Amino acid sequence: MECRSKVFWIGIGCQRGTPKSVIETAIVEVFANHHLAIDRIKGVATIDSKADEVGLVEFCRDRNLPLVTFSTELLKSINVPNSSQIVSARMGTFSVAEAAAICAAKSDLIVPKQIFKQVGEVGAVTVAIARSSITSFREYQTKN
């Protein structure tokens, strides 16, 4: 499924306090499992209540990736393949990772949500990936 002509937006949902190492391991594994080029990531998207999530902020900072956040109301309006009652009860939307990836990429998912928990580590992370033709963050900003 290697795709060099497009870029990828990662949608992330995570438990509060999930460390950068767990987030990074999850993303690396999902990209490897789906034969996607990790150097084609153009940004990370999540719900606005996670804008200050330390592990997520550190991951984006260390990889020089933008972190884009979306409101609960917007994410709630996105049709996703794998809605969750648990996420809805906690976050007010049936999806964070899938909906955020779709919103950021302005495209359909190529990898539905993958839930990752690392044995012996705190937290959990959900990763979803959407492919986009938007190749730069500047171009992304001008289209929003």
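Where is the place of Glu53? Let's find out in the first of these close-ups of a predicted model.

**View 1. Glu53 in its loop.** Glu53 sits in the loop between strand 2 and helix 2. Is this residue buried or exposed? With a relative accessibility of 2%, Glu53 counts as buried, because buried means under 20%. Its side chain makes a polar contact with the side chain of Arg16, at 2.7 Å. Setting aside the neighbours within four places in sequence, the residues in contact with Glu53 are Cys14, Gln15, Arg16, Gly17 and Thr18.

**View 2. The aromatic pair.** A pair of aromatic rings is described by the distance of the centres and the angle of the planes. One aromatic pair turns up in a search of the whole structure. Its partners are Phe8 and Phe31, arranged edge-to-face, with 5.8 Å from centre to centre and 80° between the planes. Phe8 belongs to strand 1 (residues 7-14) and Phe31 to helix 1 (residues 20-33), so the pair ties together parts that are 23 residues apart in sequence. Both Phe8 and Phe31 are buried.

**View 3. Helix 1 and its buried face.** Helix 1 has 14 residues, which should span 20 Å at 1.5 Å a residue; its end C-alpha atoms are 20 Å apart, in agreement. Which residues of helix 1 are buried? They are Val22, Ile23, Ala26, Ile27, Val30 and Phe31. Looking down the axis of helix 1, you would see these buried residues fall within an arc of 160°, so they line one face of the helix. They pack against strand 1, strand 2 (41-47), helix 2 (54-63), strand 4 (109-116) and strand 5 (125-132). Just after helix 1 comes His35, which takes a positive phi of about 55°.

View 4. Side chains of opposite charge can pair when their charged atoms come close. The structure holds seven salt bridges, and this view shows some of them. One joins the side chains of Asp62 and Lys20 (2.8 Å, N to O); Asp62 is in helix 2 and Lys20 in helix 1, 42 residues apart. Another pairs Glu24 with Arg63, whose closest N and O atoms are 2.9 Å apart. Glu24 lies in helix 1 and Arg63 in helix 2, so this pair ties together parts that are 39 residues apart in sequence. Asp62 also meets Arg61 in a salt bridge (2.9 Å, N to O). Arg61 counts as exposed, at 57% relative accessibility. Through shared partners, salt bridges join Lys20, Glu24, Arg61, Asp62 and Arg63 into one network.

How values were computed: Residues are numbered from 1 along each chain as its sequence is written. This is a predicted model: local features need pLDDT of at least 70, side-chain atom pairs count only at pLDDT 80 or more; totals for chains, interfaces and linings use all residues. Side-chain values use heavy atoms; hydrogens and water are left out. Rings of Phe, Tyr and Trp (its six-membered ring) pair if their centres lie within 6.5 Å; planes under 30 degrees apart count as stacked, over 60 as edge-to-face and the rest as tilted. Helices (H or I, at least four residues) and strands (E, at least two) are DSSP runs, numbered from the N terminus. Buried means under 20% relative accessible area, exposed over 50%, partly exposed in between (1.4 Å probe, protein chains only). The expected span of a helix is 1.5 Å times one less than its number of residues. The arc is that of the directions from the helix axis to the C-beta atoms. Contact means heavy atoms within 4.5 Å. A polar contact is a pair of N or O atoms within 3.5 Å; within protein, one must be able to donate a hydrogen and the other to accept it, and residues adjacent in sequence count only if both atoms are side-chain atoms. A salt bridge is a side-chain nitrogen of Lys or Arg within 4 Å of a carboxyl oxygen of Asp or Glu.
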